[in-house]
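Dear colleague,

I am handing over the structure we spoke of, with the sequence and the model placed just below. My notes on its cavities and pockets follow after it.

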Amino acid sequence: MDAVFQRCISPACAATSSVDDTRFECPNCGGLMDVAYDWNHLKPPKSLREFEAKWADRANPLSFSGVWRFRELLPFAPPEKVLTIGEGQTILQCADAVADYVGLQPGYLFLQYEGMNPSGSFKDNGMTGAFTHARLIGARRAACASTGNTSASLAVFCSATNLMKAIVFIGSGKISYGKLAQALDHGALTVQIAGDFDDAMQRVQQVAARLGIYLVNSVNPFRLEGQKTIMFRVLEALRWEVPDWIVVPGGNLGNVSAFGKAFIELSDLGLIPRVPRIAVINAAGANTFYQLYERQGLRWNKGYPDRAKIDTFFKTMDAEQQRASTIASAIEINRPVNLTKALRALERCDGVVREATDQDILDAKARVGAGGFGCEPASAASVAGARKLRREGVIAPGERVVCILTGHQLKDPTATVAYHSTDQKTFDEVLGQRGVRRAAFANRAVQVPNDLDEIIKAIEVYS
Ligand code: F0G
């Protein structure tokens, strides 16, 4: 057998396919696939410290990339096939002001700023993986359904590399302007479906299969290989110490699945002494994972999750015509495609799931902005969720917590400006209909006449 292959995540099935298969579903049972490695025939590092040597090798684009400097832990492509645009130059910030808001001791809350990627979100970590795989198999067109960030990332990678034509499927009126602007500006064929993300996701899978277009949504396991490196960088920034908690927003559940795989592999390779706990935070208006995991007790169950429970949940959702709805448009998703993979991740990492209201998300976002570099609404769900878990006593004040900030602040200025607005009409139009009643942390612009004395007076009063 080859040292690198694809394998069904269900241990009962465990069907395999070759590395160049682009169906991204199990040929036997239709389930999700992993990129699998026979480590006996590869050269995994003996210690994570070995990666520090890459810092002195930054002239090599593979060592410069925050993804590919860990290439020995995602060795599915020969180095000359790797396609990188310099993704993964992100930072882990110790954020004491936010720690105070969350209820943690100073020095215990860290924010991982994935908005610093070339397209402004964590998606670039995965896209470089998918593009490398697409190059391996010679794809000419790539497609995704998106709430905005995957499409932005795909569009950037296509325009920067000229390797493939980007085709993006988006729901009508469901995508923030910052992200739509990226898809359009970078030349992607943008297909606006009369429906939401869940509709677009189903359609893109059908279209990709019918037309043989390479799919870059997170059902693509090569994308998740790239996203594993977010965790490697977190460990690297903590000098290879494992934190107590990773808190991540949950939409299609690709990130949590990738993080789980990263820790399972590091642990199995003996590279870390223990795994962190993982918390996934849904928006309350798109809370399928919370409902199934916390309310209905759905578990990985050694690879046999209760299918009937899942089917009944979605049947009821359809019968009641429930649609995802949240200000955190990036995670406005009711049918997460990586549901079972995420269950596996939570099993190994003693996971929990919580939901955060739009009010909590926007308040947390304002605290993040006031305490550091800023993020888009979906990202702040992680901070809102950490605060909730701290209040419940699930997280202790002296535990080390890493919240993943998945997307840049400027991705969705509409929500931010409305939150800080002095104009009640703007606030109500954008936020009021979503149940957001107050902006406790608003930083309102000061209105002054165009008069030097008045301006100086205002500055003296407010500063
Ligand atoms: N945060 C941001 C900023 C996102 O864009 C997404 C997903 C998530 C969190 C959720 O991550 O799907 O791995 O659980 N955005 C996708 C998109 C769905 O199309 O851009 P997940």
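What volume does the largest cavity have? Its volume is about 300 Å³, and please keep in mind here and throughout that this is a predicted model. The largest cavity is lined by 26 residues, and those nearest its centre are Phe-122, Lys-123, Gly-251, Asn-252 and Ala-330. By class, this lining divides into 14 polar, 9 nonpolar and 3 charged residues, and at least two lining residues come from each of β6 (141–146), α4 (149–161), α7 (221–237) and α8.

Turning to the pockets, the largest holds about 1,100 Å³ of space and is lined by 39 residues, of which Glu-25, Gly-30, Leu-32, Gln-205 and Val-219 lie nearest its centre. Two or more lining residues are given by each of α6 (197–211), β9 (214–215), α10 (307–319) and α11 (339–348), with α6 giving the most, namely 6 residues. The lining of the largest pocket has 22 nonpolar, 9 polar and 8 charged residues, and at least three of its residues are drawn from each of domain 1 (1–42) and domain 2 (91–119 + 221–414).

The second largest pocket contains about 410 Å³ of space, and among its 19 lining residues Arg-7, Asp-34, Ile-264, Asp-268 and Arg-344 lie nearest the centre. The elements that supply two or more residues to this lining are β1 (4–8), β3 (33–37), α8 and α11, and the lining divides into 11 nonpolar, 7 charged and 1 polar. Because domain 1 (1–42) and domain 2 (91–119 + 221–414) both give residues to the lining, the second largest pocket lies between them.

Helix α8, which contributes to the lining of the largest cavity as well as to that of the second largest pocket, deserves a separate note. This helix spans residues 254–268, 15 residues in all, and reaches 21 Å from its first C-alpha to its last, close to the 21 Å expected at 1.5 Å a residue. Just after α8, Gly-270 takes a positive phi of about 75°.

With best regards

Conventions
Residues are numbered from 1 along each chain as its sequence is written. This is a predicted model: local features need pLDDT of at least 70, side-chain atom pairs count only at pLDDT 80 or more; totals for chains, interfaces and linings use all residues. Side-chain values use heavy atoms; hydrogens and water are left out. Helices (H or I, at least four residues) and strands (E, at least two) are DSSP runs, numbered from the N terminus. The expected span of a helix is 1.5 Å times one less than its number of residues. On a 1 Å grid over the protein atoms alone, a cavity is a set of points where a 1.4 Å probe fits but cannot get out, and a pocket is an open set with protein on both sides within 12 Å along at least five of seven lines; lining residues have an atom within 4 Å of a point. Grid points are joined across faces, edges and corners, and a volume is the space filled by probe spheres set on the points. Ala, Val, Leu, Ile, Met, Phe, Trp, Tyr, Cys and Pro count as nonpolar, Asp, Glu, Lys and Arg as charged, and the others, Gly among them, as polar. Domain bounds come from an automatic or database domain assignment.
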